[in-house]
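Subject: Structure handover, aromatic pairs

Hello,

Here is the structure for your files. My notes on its aromatic rings follow below.

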Amino acid sequence: MRSLQRKGKEQSDWVKNANSEFQKGPPASRMGRCSRGTNCSPAWRFTKATVVVAAAAVIAISASGQDKPTPTDSGSNLLWKKAESRIDEIAMRFDGVMGVAIVDLTDARPALLRNAEHVFPAASSIKLAILLELYHQDEQARAGAKGKATLDDLYTFDPKDLVEDSRIMGGLSAGVTRATNRDLAQFMVAVSDNSAANVLIDRVGKDNVNAMLRGLGLAKTMLRRKMMDIAAAQRGDENVATPHEMVQLLEAIYKGKVLKADSTKELIKQLSTLKPSYIPRELPDGVQVANKPGELEGVRTDSGIVFSANRPLAISVMTAYARDDRAAERAISDVAREAYHYFEMRGKTSEYGRILPAP
């Protein structure tokens with residue numbers, strides 16, 4: 001440290017001496033005139049400026065403790081821009097309306113947002129908010145709060161609770177089959193069972209779900225009705241969300257802003273149940289995806305956390321006005337694939353693009 005200080009002092013003294021010598025230049029030259037026998041040529045003035053600038057550079061390098069400046073652009077930004085461009089192309093080709101939001105969960109890189117503040121029908125992706133409120137109330141109940149639903153509360157199957165698209169609940173024995181709220185949540189996540197979702201809405205309370213969302217600053221995402229309530233949907237009481245708010249919800253879950261660590265881990269594990277959905281469709285086998293897709297006529301959505309090695313991401317792709325529902329599903333899968341390719345590569349490379357050995 002002392003040698004660096006001495007070195008810096010020597011360099012500083014050298015600059016002072018050099019500048020002093022120049023300042024001693026002919027008085028006439030300092031006033032804009034050249035006296036006889038003095039050198040006021042442009043080349044002399046250029047040399048003076050060059051020495052001063054070089055001296056300043058020496059001091060700057062010495063102060064930073066580096067032998068050479070650090071590059072300001074590593075190249076990862078170029079890789080990100082390529083991913084953005086490809087995702088933009090997918091959205092432009094899609095015959096309908098698409099919103100995309102992608103957030104890097106490991107650093108402060110700005111989110112990729114395309115029509116991400118646009119309000120879309122959430123379809124069954126809204127069940128993610130119901131699931132989170134169930135876990136939230138379970139924690140409250142364990143802390144002593146009264147009147148809160150728990151994961152272990154029992155439900156006895158009642159046929160009056162049945163609605164369409166209830167592939168598990170429709171096969172239960174009336175008055176005999178008993179399930180916990182955790183079981184109902186599993187039905188809701190694994191096969192998007194609508195009857196199970198409606199029972200949980202009754203148990204946790206629609207207003208409580210929305211209050212939890214407001215508490216996270218999500219003003220546009222709303223649970224307005226139960227599943228398959230067509231009359232409510234025709235009145236305009238649609239369950240809605242934006243892609244941006246969906247990734248904010250996922251980020252809050254991942255970073256433990258709503259639940260404690262053990263509850264967060266359990267919720268993500270349940271949400272990661274293998275299921276027919278669009279985000280993981282084009283991803284390599286074995287990649288963990290904690291997601292909840294949704295579908296209505298002309299609408300396809302999927303929102304989730306993709307656990308790319310060393311570089312997890314939150315992604316939400318929402319579509320509406322689709323002329324071809326299969327094309328909408330493919331578009332969501334294509335966006336997820338392009339996002340994954342970027343994060344998978346960044347998870348194994350340095351800032352300069354070198355693939356590094358696994359730790």
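How many aromatic pairs does the count come to? The model is a predicted one, and with ring centres required to lie within 6.5 Å, the count comes to 4 aromatic pairs. Two of these are described here.

Trp 80 and Phe 343

The ring centres of Trp 80 and Phe 343 are 5.9 Å apart, and the planes stand at 85°. Since planes over 60 degrees apart count as edge-to-face, that is the class of this pair. Trp 80 belongs to helix α4 (residues 76-93), while Phe 343 belongs to helix α12 (residues 325-346). The pair therefore ties together parts that are 263 residues apart in sequence. Both residues fall under the 20% limit for buried: Trp 80 has a relative accessibility of 8%, and Phe 343 has a relative accessible area of 0%. Trp 80 and Phe 343 also form one aromatic cluster with Tyr 342.

Tyr 254 and Phe 307

For Tyr 254 and Phe 307, the centres are 6.2 Å apart and the planes are at 50°, so the pair is tilted. This pair, too, links distant parts of the chain, 53 residues apart. Tyr 254 is in helix α10 (residues 243-254), and Phe 307 is in the loop between β8 (299-306) and β9 (313-320). Are these residues buried or partly exposed? Tyr 254 counts as partly exposed at 29% relative accessibility, and Phe 307 counts as partly exposed at 23%.

Regards

Technical notes
Residues are numbered from 1 along each chain as its sequence is written. This is a predicted model: local features need pLDDT of at least 70, side-chain atom pairs count only at pLDDT 80 or more; totals for chains, interfaces and linings use all residues. Side-chain values use heavy atoms; hydrogens and water are left out. Rings of Phe, Tyr and Trp (its six-membered ring) pair if their centres lie within 6.5 Å; planes under 30 degrees apart count as stacked, over 60 as edge-to-face and the rest as tilted. Helices (H or I, at least four residues) and strands (E, at least two) are DSSP runs, numbered from the N terminus. Buried means under 20% relative accessible area, exposed over 50%, partly exposed in between (1.4 Å probe, protein chains only).
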